[in-house]
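Biologist: Could we go through this structure together? I would like to begin with the terms and then turn to the chains.
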Amino acid sequence: MRPVTVVVPIVAVLALLPAILSGYHISFMIQMFMWVALAGSWNLISGLTGYVSFGHVAFFGVGTYTAALLITKAGWHWLAAGLAGCIPAMLLALVIGYPCLRLKGPYFAISMLGLNEVVRALVSYFEGFTGGGSGISLPPIVAIVPVYYAMAAAAIVVTVVTYLIITSRFGLRLLAIREDELAADAMGINTAAYKLYAFLLSAAFPGIVGGFYAWYASHVEPMSVFPLITTITMIIMCLFGGSGTVLGPVLGAVLLSIMQELVWARFLWVHQALLGALIVAVVLLMPRGILGILRHHFRLPRAI
Amino acid sequence: MPEASILEIKDVVKRFGGITAVNHCSLSIGAGKIHGLIGPNGSGKTTLFNCITGLERLQGGEIRFKGERIDGLKPYQVARRGIGRTFQIIRVFPQLTTFENLLAVTTDPIEVARKRAEELLSFVTLTRLKDEYAGNLSYGQQKLLEFIRVLMTDPELILLDEPAAGVNRTLLNELLTAMTRLRDAGKTILIVEHDMKVVMGLCEAVYVLDYGEKIAEGPPSVIRSNERVIEAYFGR
């Protein structure tokens, strides 16, 4: 089965959905697409190379602020401003990735956590430019269907890019780094360069999605766009579905978004506790995730 | 020595804290032969391999491959110059399939790489395990996989760290045949090995390390009766 035969019907269905969905459900779908794109982006660096990023929300947050500033101060169209969100996100990834991707295991994870705190502090500090702690208000959003399409496109592009990477030798080399970096290096793979490429890609999409989110939310502030819980949610979605696979992050993001909507929203007070319990359960019982388990037993092709 | 040497190790020093793992060691590895590197445990054989392949930085001396300095290069750069190696402890990529393990390491066009991988798999009779995860293979099969993974990039110099350890007789004979064939095809091979039968039967030149120093070199027949070698292995 060629990937086109899978993607085309999905695109068609998603394109028609806004015609029959209520505004509430369209909002739900927008957030779900956002999570698919974010979990998929995290997967590109952490799922493939094994370098666990605990600060991925920083790229999202930088994207939201970039778009908010371009829209309010420079009068850009929200779509262009959103796409522009990838540029500072990738620059940030370049600056932090070059030194920090040399760190192994928990040291890299912690350095990324630190990065997010630094960026959040800087954004809060430069009040004149960023509005400090109170953030930036954007014009109220009138039509959400265009945002729906933009987010859906982002989710699909991330997934297609993941597919293209995993089924290529570039992807095999990233997996080789995850499996045994020293051996990969000794076999002639320029591990430092490969990790940086993957990291730049994985930072670009959260920047864009963050840009769209700024327009959708009509307001950005440090507390709402740099929370650690956003990174943790990306991670848990990716692990739940199966990290290092093409459809794992999609599956994880869709299932957890639906679960969140159906179950957790009704038990608001235990929401965080349930998420925490789920993290423990996934890590303990199914560290490979749904697709990882299936792959182990049924030898799924890499393309899934 | 009249023949051209492909690898020149000159006065190499490597220390770890107070321990001198390689101590002013010099070797000249002639092209197109199988060479053996032997010595008691902890004599610096693997460290010397690590120095050659860029995994360790030298504290003194120099290493030349085909006349050019390679000490100071990163491991992937050394590999791309044409030096391939295996590890004492197997280092295949466990969650990649056998076939993917081979494809991941070459930059040849994909069709060329596939063809070569197929050939190498049949060379060591692993073809039926092509799509199995490398981590599921037996110890001996992983050893074979690691061996042919080195050959994927067609290196001129092949460093094998204990290729015979833990390998059964049949498999060992296959490996030995493979090495002889590679030598006949013009490759240079340097092996670290504890199995004296393997070393004496296979190698044309043997170097003996003890406490990081080269204490003897020569053809196996001469090494076997060398007093310092016997002393290093069995004590006085």
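Modeller: Two strands count as paired if DSSP finds at least two bridges between them. Helices (H or I, at least four residues) and strands (E, at least two) are DSSP runs, numbered from the N terminus. This is a predicted model, in which local features need pLDDT of at least 70 and side-chain atom pairs count only at pLDDT 80 or more, while totals for chains, interfaces and linings use all residues. Residues are numbered from 1 along each chain as its sequence is written, and chains are lettered from A and ligands numbered from 1 in the order in which they are written.

Biologist: Which residue takes a positive phi in the hairpin of β1(B) and β2(B)?
Modeller: B:Gly17 does, with phi near 60 degrees; two residues lie between the strands of that hairpin. Strand β1 (residues 5-16) and strand β2 (residues 19-30) of chain B run antiparallel and are joined by eight bridges. B:Arg15 has B:Thr20 in β2(B) as its bridge partner.

Biologist: And how many bridges link β1(B) to β4(B)?
Modeller: Five, again in the antiparallel sense, with β4 covering residues 60-65 of chain B. B:Val13 stands opposite B:Gly60 in β4(B), and B:Ile9 has B:Ile63 as its bridge partner there.

Biologist: What is the strand order of the open sheet?
Modeller: The order is β2-β1-β4-β5 in chain B, an open sheet of four strands with antiparallel pairing. Its edge strands are β2 and β5 (68-69) of chain B, each of which pairs on one side only. In general, strands of a sheet pair through backbone hydrogen bonds, either parallel or antiparallel.

Biologist: Which helix lies across β1, β2 and β4 of chain B?
Modeller: Helix α1 (residues 45-52) of chain B does, at about 65 degrees to β2(B). Axes here are lines fitted to C-alpha atoms, for helices over the stretch in contact, and angles run from 0 to 180 degrees between N-to-C directions. Two residues are in contact if their C-beta atoms, placed from the backbone, lie within 7 Å.

Biologist: Why does B:Asp154 count as partly exposed?
Modeller: Because B:Asp154 has 13 C-beta neighbours inside 10 Å. A residue is buried if 20 or more other C-beta atoms lie within 10 Å of its own, exposed if 12 or fewer, and partly exposed in between, with C-beta atoms placed from the backbone.

Biologist: What about phi of B:Tyr211?
Modeller: Phi of B:Tyr211 is near 45 degrees, a positive value in a residue other than glycine. B:Tyr211 sits in the loop between β9 (205-210) and β10 (213-218) of chain B, and it is partly exposed, with 16 other C-beta atoms within 10 Å.

Biologist: Now chain B as a whole. How many helices and strands are there in chain B?
Modeller: Chain B has nine helices and ten strands. Its radius of gyration is 18 Å, close to the 18 Å that the globule rule gives for 236 residues, so chain B is as compact as a globular protein of that length. That radius is taken over C-alpha atoms, and the rule is 2.2 Å times the number of residues to the power 0.38. Of the 236 residues of chain B, 43% count as buried.

Biologist: And the secondary structure of chain A?
Modeller: Chain A has 15 helices and two strands. Buried residues make up 49% of its 304 residues, and its C-alpha trace spans about 55 × 45 × 40 Å along the principal axes.

Biologist: In α13(A), which residues are buried?
Modeller: They are A:Gly248, A:Pro249, A:Val250, A:Leu251, A:Gly252, A:Ala253, A:Leu256 and A:Ser257. The buried residues of α13(A) pack against α2 (23-49), α8 (145-166), α12 (228-241) and α15 (289-298) of chain A.

Biologist: Is A:His77 buried or exposed?
Modeller: A:His77 is exposed, with 11 other C-beta atoms within 10 Å. A:His77 is found in the loop between α3 (57-74) and α4 (78-84) of chain A.

Biologist: Finally, how many residues does the contact take from each chain?
Modeller: The contact takes 21 residues from chain B and 16 residues from chain A. On the side of chain B that touches chain A, the largest share, four residues, comes from α2(B).
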